[in-house]
Every structure is written in C-alpha cells, then in structure tokens.
Amino acid sequence: MTRTPQEVFADHGERLGTGDLDLISRNYTEDAVFVTPEGALTGRSGVREGIGRLLADLPDAAWRLTPRFAGDVLFLQWTATGTAHEVLDGVDTFVFRDGLISAQTVRYTLTPRTK
C-alpha cells in the first residue's frame, strides 16, 4: 500500500528531527530532484547534500510549518529560529510519487538571529 503525501510528509518531519541524512533520503525516490537557487541536485546523494546544507544552516532550530496539499503536490511555507540564525521566508514545494518524494524545491534567506 502506497503512503499518502500527508503520511510521507509526516514521516519526513520525524526523520529530519534525527539529523540522519541516510534515513531522511530514504523518503525520496532514487531519481529525486532537489532544486535550490544554487542549482539542482539529483538522486538520494543530492538530497543528502541539499538537506545537509539546510540542517547545517539551522542546527537545533525551532520550526514553524504551514503546509498546503493539493493532490500529489505540497506547498510549504516555513520559518525557523536557530541559536545564531533565523529564516522568516522559507518556501518549499514537494512532488510525491508512489509514496515517496520525487522532487523538492527549497528557498530561504538565512539571517543573523535577532534576540
């Protein structure tokens, strides 16, 4: 039985909390595309690289997510507050296929945290 996009996203959030990039990348298809303003990363290795950058930018952050699902697509607005930096304008798009994430876009502005 294939998981719904909502189930995949919920599991994705739990895996992100572990920081384990191999575990996180298993929620993506083998041919996944991870697109950032710097360019496209491909496959699970690209996902590990892209998410690794995000987690390194915001270690131990508090996240606030506003997901909007439309069939097999998720539009996600988010903010995050870490110890040194914050993001107030995070936007991701996820495309789901066969119970996995097949594409994700990520865009955010990392700024020094205002205390």
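Me: How should I read the words buried and exposed here?

Reply: Buried means under 20% relative accessible area, exposed over 50%, and partly exposed lies in between, with a 1.4 Å probe and protein chains only. This is a predicted model, where local features need pLDDT of at least 70, side-chain atom pairs count only at pLDDT 80 or more, and totals for chains, interfaces and linings use all residues. Residues are numbered from 1 along each chain as its sequence is written, and side-chain values use heavy atoms, leaving out hydrogens and water.

Me: Which residues of α1 are buried, and which exposed ones sit on the face turned away?

Reply: Helices are DSSP runs of H or I with at least four residues, numbered from the N terminus. An α-helix has 3.6 residues a turn, so residues three or four places apart point the same way. In α1, Pro 5, Val 8, Phe 9, His 12 and Arg 15 are buried. They cover an arc of only 125° around the axis (taken from the directions from the axis to the C-beta atoms), which puts them on the same side of α1. The face turned away from that side carries the exposed residues Glu 14 and Gly 17.

Me: What does the side chain of Arg 15 meet in a salt bridge?

Reply: A salt bridge needs a side-chain nitrogen of Lys or Arg within 4 Å of a carboxyl oxygen of Asp or Glu. Arg 15 pairs with Asp 11 at 2.7 Å, N to O. The two are 4 residues apart in helix α1, so about one helical turn separates them. Arg 15 counts as buried because its relative accessibility is 18%. Arg 3, Asp 11 and Arg 15 are linked in a network of salt bridges.
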